[in-house]
Amino acid sequence: MKIGFVSAILDDWDFREVVDIAADMKYRCIELACWPKEKAQRRYAGVSHLDVAELNDEKAGQFNMYLHSKEIELSSLAYYPNVMGGGSECIAHLYQVMEAAKKMHVNLVSTFIGRVQDKTVEENLDLFERTWIPIVEKAENLGIKIAIENCPMLFGKEQWPGGQNLAYSPAIWREMFRRIPSSSLGLNYDPSHFVWQHMDYLKPVYEFKERIFHVHCKDIKLYPEKLSDGGVLAYPLEYMSPKLPGLGDVDWRKFVSALTDIGYDGALCIEIEDKAFETSKDKKIESLRLSKRYIEQFII
């Protein structure tokens, strides 16, 4: 397995600076943020370390040469919008990210399937089929894969009800893959989202082993006293918070052990969303150092 990080935390750095940081810390790969160059609509969104709209073969070659010179790989190109609720512009940009993945020889795009918040699960599954069949067909034609993260995107009142990403549970994954069985559609597996939903994050590793294309390393800390006070129907951020790996409730020894059981040898990309490490550029750098030091004990 290769330890990497999601570049969104380094929003004040450019492409080469991000690669330099990865090389200096002896990371092996980066999941590169590729949002449109516009104002972010939420935390960790809107970061663009690769302008896919302006990417041509010459620029891609230059970027790839720089990556090679630093011995850093790209594990995936990342764009996480509400695909089913974001309109045609959102899908058009996703297509550009997919085409950029081909040019950059990454061959993997990580994203959300999205959700229309006020529609039922069943209605959204029908919409998923209509929306995603042509997206997956394009991925097949390009020779790339798509990894869907299992974050419900349900944190506060602005995402209530329903959340903005339907692919949050094994039950829904089964139906997704039944409707679109393409081997080009899989998962970006993040165990932390199962923790705050009170779900088993080990068992699905075995059932969906052929669909795990990419893995996120982010932790979640639950606050039982707050959960007891507000209940599971409260806004989730009222009783949990994202933390660096090792500072929350994920058992990383058991999780990485499960990944070795299935023979997973892809990227483990650390995703920093811990507010305690957002106060300065130095803190962000420190968060990447601490996270890598913690995770590498299980795979090196």
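Glutamate 286 is partly exposed, with a relative accessible area of 33%, where partly exposed lies between buried (under 20%) and exposed (over 50%), using a 1.4 Å probe and protein chains only. Lysine 283, at a relative accessible area of 30%, is partly exposed as well. The two form a salt bridge, with their closest N and O atoms 3.8 Å apart; the term requires a side-chain nitrogen of Lys or Arg within 4 Å of a carboxyl oxygen of Asp or Glu. Both residues lie in helix H10 (residues 281-295), three residues apart, about one turn of the helix. Helices (H or I, at least four residues) and strands (E, at least two) are DSSP runs, numbered from the N terminus.

The model is predicted: local features need pLDDT of at least 70, side-chain atom pairs count only at pLDDT 80 or more, and totals for chains, interfaces and linings use all residues. Residues are numbered from 1 along each chain as its sequence is written, and side-chain values use heavy atoms, with hydrogens and water left out.

**Salt bridges**

The whole structure contains 14 salt bridges. Three of them are tabulated here.

| Pair | N to O distance |
|---|---|
| Arginine 179 and glutamate 175 | 2.7 Å |
| Arginine 179 and glutamate 129 | 3.0 Å |
| Lysine 283 and glutamate 286 | 3.8 Å |

Arginine 179 in helix H5 and glutamate 129 in helix H4 are 50 residues apart, and their pair links distant parts of the chain. Arginine 179 counts as buried because its relative accessibility is 19%, whereas glutamate 129, at 28%, counts as partly exposed. Glutamate 175 and arginine 179 are four residues apart in helix H5, so about one helical turn separates them. A network of salt bridges joins Asp126, Glu129, Glu175, Arg178 and Arg179.

**Helices H4 and H5**

The axes of H4 (residues 121-142) and H5 (residues 170-179) come within 10 Å and cross at roughly 35°. Axes are lines fitted to C-alpha atoms, for helices over the stretch in contact, and angles run from 0 to 180 degrees between N-to-C directions. The crossing of H4 past H5 is right-handed, meaning that the near helix is turned clockwise from the far one by less than a right angle. On the H4 side, contact (heavy atoms within 4.5 Å) is made by Val121, Leu125, Asp126, Phe128 and Glu129; on the H5 side, by Ile172, Glu175, Met176 and Arg179. This contact has five nonpolar, no polar and four charged residues. Ala, Val, Leu, Ile, Met, Phe, Trp, Tyr, Cys and Pro count as nonpolar, Asp, Glu, Lys and Arg as charged, and the others, Gly among them, as polar.

The buried residues of H5 are Pro170, Ile172, Trp173, Met176, Phe177 and Arg179. They pack against H4, strand S6 (185-189), helix H6 (192-196) and helix H7 (203-207).

**Helices H1 and H2**

Helix H1 (residues 15-24) and helix H2 (residues 57-70) have axes that come within 10 Å and cross at roughly 20°. H1 is therefore roughly parallel to H2, a term for angles under 35 degrees. H1 passes H2 in a right-handed crossing. Phe15, Arg16, Val19, Asp20 and Ala23 of H1 meet Phe63, Tyr66, Leu67 and Lys70 of H2. By class, the contact has six nonpolar, no polar and three charged residues.

Note on methods: Parallel < 35°, antiparallel > 145°, perpendicular 65-115°, else oblique.
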